[in-house]
Amino acid sequence: MESAIRRIQQISNSFILQTNNVSNIDPQFIEAQNSFNPQALYRFLFPYEPELRSRLAEVWKTDKLLLKDSFGLSLEGEREQSFIQFKRLMEVLRQNFSLYDLERNPRKLAVFTQSYRFVNISVTTLIGVHFSLFGASILFLGSNEQREKYIKKIETLEVVGCFSLTELGHGSNVQQIETIAEYDHNTQEFIINSPTITSQKYFIGGAAKNASHTIIMAQLKVAGKMEGVHAFVARIRNEDGSVVKGIRISDCGVKMGLNGVDNGRLMFDCLRLPRENLLSRFGGVNKAGIYSSPINPANKRFAQTIGALVLGRYLIAIGSVAFNSVGLTTALRYSFSRKQFSGSDPKQEKQLISYSSHRKRLLPHLANTYAIHFSNNYLLDLLCEKEKKDKEIHILASALKAYGSWSSRDCLQECREACGGQGFLSENLIGNFKSETEIYTTFEGDNILLYQQVAKFVLSESRKNPPPEYEAPSDSIKQKTDSQFLRSFEFLQNALNARFAQSVAYVTEKLSESVAEGKPIMDSWNDNSPFIVKLGQVYTEKIILRKFIEGISGYSDEKAQAALQLLVSLYTLNIIEKDPWFLKYGYISSEQAEAITVQVLEICKELVPHCISLTDALGFDNETLGPIANDWISKNKF
């Protein structure tokens, strides 16, 4: 027993960093250099609107106002600076975009989001609220006359908008919001009321201080009949900044991030709006006081109304790739320059990137980031088609928003931890971006509910076109443990397709059994919601893999292509390794499971020479990032 304790102590001592063994940090075992041309890959990854990208890149590099961070400012100071930066960024936006581009050329807004290089994320959120929520509501839900009246004012900031949908008591369940808009035919006005405390509009970005107008989502009541949720445009502040009669506004206060955004709460007490303030593309009230709509019944009309705002989910998905890119570029560059503990040479410390555990923390996130990017590009292509596939767009946007925002949450957390205390410093951006982007997982739709929407679509489609029945591979197939087989795209796609087919059948059976027992359909759905959510994720990963493989196929550079193929294999094998389904349902053998774990580690090792090129190709110049992505030793000289 004593000998065992001594042995453990000896092992422990070997891992303790002794100050007299600390070596000079400058020599490196693995040089941080490009293995292929990252600029060429960048042009392949982001092929559209190159001139616009160049113009924006110049602004991002030189605009001193926009480059200012907000670290350490008071709540009021951060809000004031963010709003000033917001107005400057709107000038840039106005010079390069029109609000009509959201409809005519969505690639321009994608370029703007992908190209954004400033530290203060609150500014992009203010832009998103004003331009992509308030402005998009006018564009997609308003009549031609309403577009003509408001769009130019939105672009010039004569009108500063916010979006009042979420209530204290209702977030995701939009169809049950409590705010009422009752039509008064005598005055030809809508009377907006918040009938309960829980009906107050809550967490409305821009409402607490700066917005002059808002979109109010409310239950429309005409001649005693409820017509469902509709959108109204309303002034909430007068030109002198005072609050409009019939509205009460309060500040939501300090948040865990995005404190440059002035989130507020609003209550309406007999707020009167002219008849023309109902955004009437999908339904309106005429002068005779009669409601009409080209879309019936109300639930279909509601789906069309909410579907028109799907662009916000897409922007979160591409924003997630951008934030991952910052975290990974920083953390991986730091892992080449930062050293810890000695290896075979007791006088020389090892780089972080040389540790298998460190590579395993970061490189699967790099694979995820590339995978999501190619699906984002596919969704953008759908958005740009003249004959839009609305259902596919809605489902894919929901899937990628959920998958992308959770990916970003996990990626930035891992990057932060992998950089130790340096990752906690605001100037290195990772920790700051982590807290600022936390809200992405819940706004524009809670991810759990979004995956259920995806699964509902999958189940509906499977009734018309059932996937093939799941069948476990033969014993001979499950004996194959070589890298060539396990990394092959055929094996990877077959694995995710098989999981999808079995998951569809399983969820269908669970729901059928529950209903057969006499349970109402909603109770059956709720009882099986964990399996339903998983089905949404399974479908999403299957689609992402397919688009990943299709996306990289057009790139001809051999070294870059080899690195991209490694990312595809890593993306999928990491999924297989982490999901117990593959062993539980006999898709792989225990020997294959062990071999897959080995392959994940081996691919991470093989990707090391390509790390710098792969992160550089995502478009973030390390010199514009935090000190640990550069010469952090010189930065810390006294």
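1. Helices here are DSSP runs of H or I with at least four residues, strands are runs of E with at least two, and both are numbered from the N terminus.

2. Before going on, please note that this is a predicted model, in which local features need pLDDT of at least 70 and side-chain atom pairs count only at pLDDT 80 or more, while totals for chains, interfaces and linings use all residues. Residues are numbered from 1 along each chain as its sequence is written, and side-chain values use heavy atoms, with hydrogens and water left out.

3. Back to α20, residues 558–578: the end C-alpha atoms are 30 Å apart, which agrees with the 30 Å that its 21 residues should span at 1.5 Å a residue. That expected span is 1.5 Å times one less than the number of residues. At the start of this helix, a side-chain oxygen of D557 comes to within 3.2 Å of the backbone nitrogen of K559.

4. Next, have a look at the open sheet of three strands, ordered β4-β8-β7 with antiparallel pairing; two strands pair if DSSP finds at least two bridges between them. The edges are taken by β4 and β7 (247–251), each with a single partner strand, so one side of each has no neighbour in the sheet. On average, neighbouring strands of this sheet are turned by 20° against each other, direction ignored.

5. Within that sheet, β7 and β8 (residues 264–268) pair in the antiparallel sense over five bridges.

6. Now for some backbone details. Most residues other than glycine have a negative phi, and most peptide bonds are trans. F203, in strand β4 (residues 201–204), has a positive phi near 65° without being a glycine. The relative accessible area of F203 is 38%, so this residue is partly exposed.

7. Q188 is another non-glycine residue with a positive phi, of about 55°. You will find Q188 in the loop between β2 (180–184) and β3 (189–193). Its relative accessibility is 26%, and therefore Q188 counts as partly exposed.

8. Finally, which peptide bond is cis, with omega near 0°? The bond from N296 to P297 is. P297 sits in the loop between β11 (291–292) and α10 (298–307).

Key
Buried < 20%, exposed > 50% of the residue type's maximum accessible area, 1.4 Å probe, protein only. Axes fitted to C-alpha atoms, helices over the stretch in contact; angles between N-to-C directions. Polar contact = N/O pair within 3.5 Å; in protein donor to acceptor, adjacent residues only side chain to side chain.
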